[in-house]
Structures are given as C-alpha cells and as structure tokens.
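Take a look at the sequence and the 3D structure below.

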Amino acid sequence: YPWVRDAFLSKEDESNGDLYVYDAIFIRYNATEAENIGAGQPLHRDLGYVSVNIMLNSQDEFNGGGTFFENQLLPVVLNGGDGTSNDIQPLKPLGPGHAIAHYSSDRHAGSATFDGVRDILVLFVAAAAAAERAPKWEVAARLKSKARTYCSDASSIDEQLLCRVRHHRLAIKQVPSDGEAWHYLGMALLDYHSYEVALQQQQQDCTKILSILRLAISCLEEATTYTPCDGRLQN
C-alpha cells in the first residue's frame, strides 16, 4: 500500500484511514471468443478510490489490449478538436507482475485485445473513513448508481424526477468535483423540464420551465469543467 498512499491518498481528505482492498476481479480478454471485434470493455468508472491493474501474462501471448483513459484526449479537446488522436495509445504495465494505478473515478476503457489471451487482476483499493462512516466517494457512487432504480418506486412521474434530482444533488454534496454527478443532475433537470413543458402547455406560464432549463444548462456546463473529455456532454 505505501506507493498507492504516496501517489494518491495525500490528496484525499480521508487519507488518515487505513487502506484496504474494497473488491477485486480477475479479467480474461479472450480474442478468439470475441471473434472479429476484439475483447475489451467500454468506457466506465470503477467503484473504489484507487484501481490497481496488474498484468498476469506476457505481452508475447496477445496483441492489442491495455487501458485507455478518457483524459488522454484532453490535449485534443483543449485545442478545440484540432490535431490528431492517432498517437494516443492505451497504457500497459511493463510486464507480468507489474501494474498501473489510477483514480477509480477516472473514466477508462479496456482496449481491444485482437489476438491471443490477456489476463489481468484488478484491485479496487479504498481508504477507511473516520468514525466508521462510508467514504464520500462510495456514498456519491451509490447515490448516482441507484437513483433511477430507487426513484422508479415513487408514486408519480413528478416525484420520480425530483427524486433523481435529489440523489444527484446529494452526490455532489459528497464530492463537489464529481463531473459525472453534475452531468447526471443536468440530465435529470432536462427530463424534469420536458415533463413540465408537457404539463404546462395549456397554462402558458414559461417562468418555471425556463428556470429549470437554465439550471440544467448550468449543471451541464459545470460538468464540462470537471470532465471536459466526456463525449456524452457534447451530444
């Protein structure tokens, strides 16, 4: 744990807590079973504070693979889309037994393995919070992931939408720099705006729906400051 603490946890307000493996997973990327598309994973975030990706077999046993990070596109984004991303390559450990580590909240993908089999072990490391409270990142992650499921039980569409808004506001309260939470809050507000538009078509009162729309846009703009490479914000 020492190098994980030195590299990452000094920036965390709960860094005095003990480190522990929150979860672990063995992943086999089998190019044969994936046929012509390669074996990989789409962009995602992990549930943890730091993810450690350990290489288990030799590079000689497969072609392709590695971990691509969304923020590798940052130079292209900051240049207004000018330039090329052809030179951006996925990152790989040096060899078997070596590892790369990153914040679990960083969006990343398992780049396609086109030939052979690539085996990795991923450890999700967390820091215990003080007074046995759940770490803020875990609270925020669970609020985001459970919003739609939990809120679908609300008695009306209005309450379902407002429930989603509350979930993502609480996630932001836990981690104010969580760009994904700002994104989800903006989208929940856009859905609420569409609902209010349909509801108030005959009332001809635009004040409320315009306020909701402005708030949604401001949330999405806030999201771009924290996750400027998230392609979902460009749609």
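Arg-107 and Glu-70 form a salt bridge, and their closest N and O atoms are 2.7 Å apart. This is a predicted model. Arg-107 sits in the loop between strand E6 (99-103) and strand E7 (108-127). Glu-70 sits in the loop between strand E5 (67-69) and helix H2 (74-78). The pair therefore ties together parts that are 37 residues apart in sequence.

Arg-107 is buried, at 12% relative accessible area. Glu-70 is buried too, at 6%.

## Other salt bridges

The count of salt bridges comes to nine. One of them joins the side chains of Asp-191 and Arg-148, at 4.0 Å from N to O. Asp-191 belongs to helix H5 (residues 179-199) and Arg-148 to helix H3, 43 residues apart. Asp-191 is partly exposed at 30% relative accessibility, while Arg-148 is exposed at 57%.

Glu-159 and Arg-166 also meet in a salt bridge, again with 4.0 Å from N to O. Glu-159 is partly exposed at 32%. Arg-166 is partly exposed at 44%. Shared partners join Arg-45, Lys-144, Asp-178 and Glu-180 into one network of salt bridges.

## Two helices side by side

How do the axes of H3 and H4 cross? The axes of helix H3 (residues 136-151) and helix H4 (residues 157-174) come within 8 Å and cross at roughly 175°. Angles over 145 degrees count as roughly antiparallel, so H3 and H4 are roughly antiparallel to each other.

Residues of H3 in the contact include Val-139, Leu-143 and Tyr-150. Those of H4 include Cys-163, His-167 and Leu-170. The contact residues divide into nine nonpolar, four polar and five charged.

Key:
Residues numbered from 1 in each chain as written. Predicted model: local features only at pLDDT ≥ 70, side-chain atom pairs only at ≥ 80, totals over all residues. Heavy atoms only, no water. Axes fitted to C-alpha atoms, helices over the stretch in contact; angles between N-to-C directions. Helix = DSSP H or I, 4+ residues; strand = E, 2+ residues; numbered from the N terminus. Parallel < 35°, antiparallel > 145°, perpendicular 65-115°, else oblique. Contact = heavy atoms within 4.5 Å. Nonpolar A, V, L, I, M, F, W, Y, C, P; charged D, E, K, R; others polar. Buried < 20%, exposed > 50% of the residue type's maximum accessible area, 1.4 Å probe, protein only.
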